[in-house]
Amino acid sequence: MNTVEISLLVLLALLLAVYRQTRTRPASRMTGTLVTAAALVVLGVDSGGLLDTGQPALSLALFAVEAVAAVALGAWRASSVRVWLDDAGIAWSKGTVWTLLAWLVSIAIRVGLYFAGTAAGLSVSTGSALLFLGLTLGTQAYLVARRGRALTGDRILSKGDA
């Protein structure tokens with residue numbers, strides 16, 4: 001995939017993720033989001049260029065910072081999502097204004113890391129944006145689902161979860 005295609009895919013996935021998080025939906029069933037997140041990670045790795053062979057140590061350090069930031073930001077956003085039980089005992093989730101603010105901060109940090117890598121002379125791949133988005137979205141979905149399952153006592157995702 002070229003840079004424009006990857007950029008459009010990242011933008012589309014981000015818009016879809018934020019849109020879905022502003023809607024009320026079952027909290028304990030995030031399998032579809034987790035599959036999407038895994039696909040984004042695979043596409044990010046498959047696109048190549050995640051590490052700059054000219055400066056492997058610096059490139060690996062930036063990669064590690066991006067991965068840790070993605071997971072931490074996903075956890076932060078997950079904590080901002082409202083999760084509750086309805087009268088039937090079904091766990092629901094919905095992003096809040098804080099979730100949207102956390103997404104803006106996540107985007108700003110990702111852009112900052114991109115420019116920091118570029119300023120350090122690294123050949124930064126746009127595929128790393130797919131990887132970042134997949135990690136952060138997957139972390140958030142997993143933690144929200146875990147909170148939903150904790151409320152209902154459900155420990156296993158069934159085959160039909162989406």
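How much space lies in the largest pocket? The largest pocket holds about 390 Å³ of space. A pocket is an open set of points on a 1 Å grid over the protein atoms alone, where a 1.4 Å probe fits, with protein on both sides within 12 Å along at least five of seven lines. Its volume is the space filled by probe spheres set on the points, which are joined across faces, edges and corners. This is a predicted model, in which local features need pLDDT of at least 70 and side-chain atom pairs count only at pLDDT 80 or more, whereas totals for chains, interfaces and linings use all residues. Residues are numbered from 1 along each chain as its sequence is written, and side-chain values use heavy atoms, with hydrogens and water left out.

The largest pocket is lined by 17 residues, a lining residue having an atom within 4 Å of a point. Val 10, Ile 107, Arg 110, Val 111 and Ala 129 are the closest to its centre. At least two lining residues come from each of α1 (3-21), α4 (97-119) and α5 (127-152), helices being DSSP runs of H or I with at least four residues, numbered from the N terminus. The greatest contribution is that of α4, with 7 residues.

The second largest pocket contains about 210 Å³ of space. Among its 15 lining residues, Ala 13, Leu 16, Ala 17, Thr 36 and Leu 137 are the closest to the centre. Two or more lining residues are given by α1 and by α2 (31-46), and α1 gives the most, with 7 residues.
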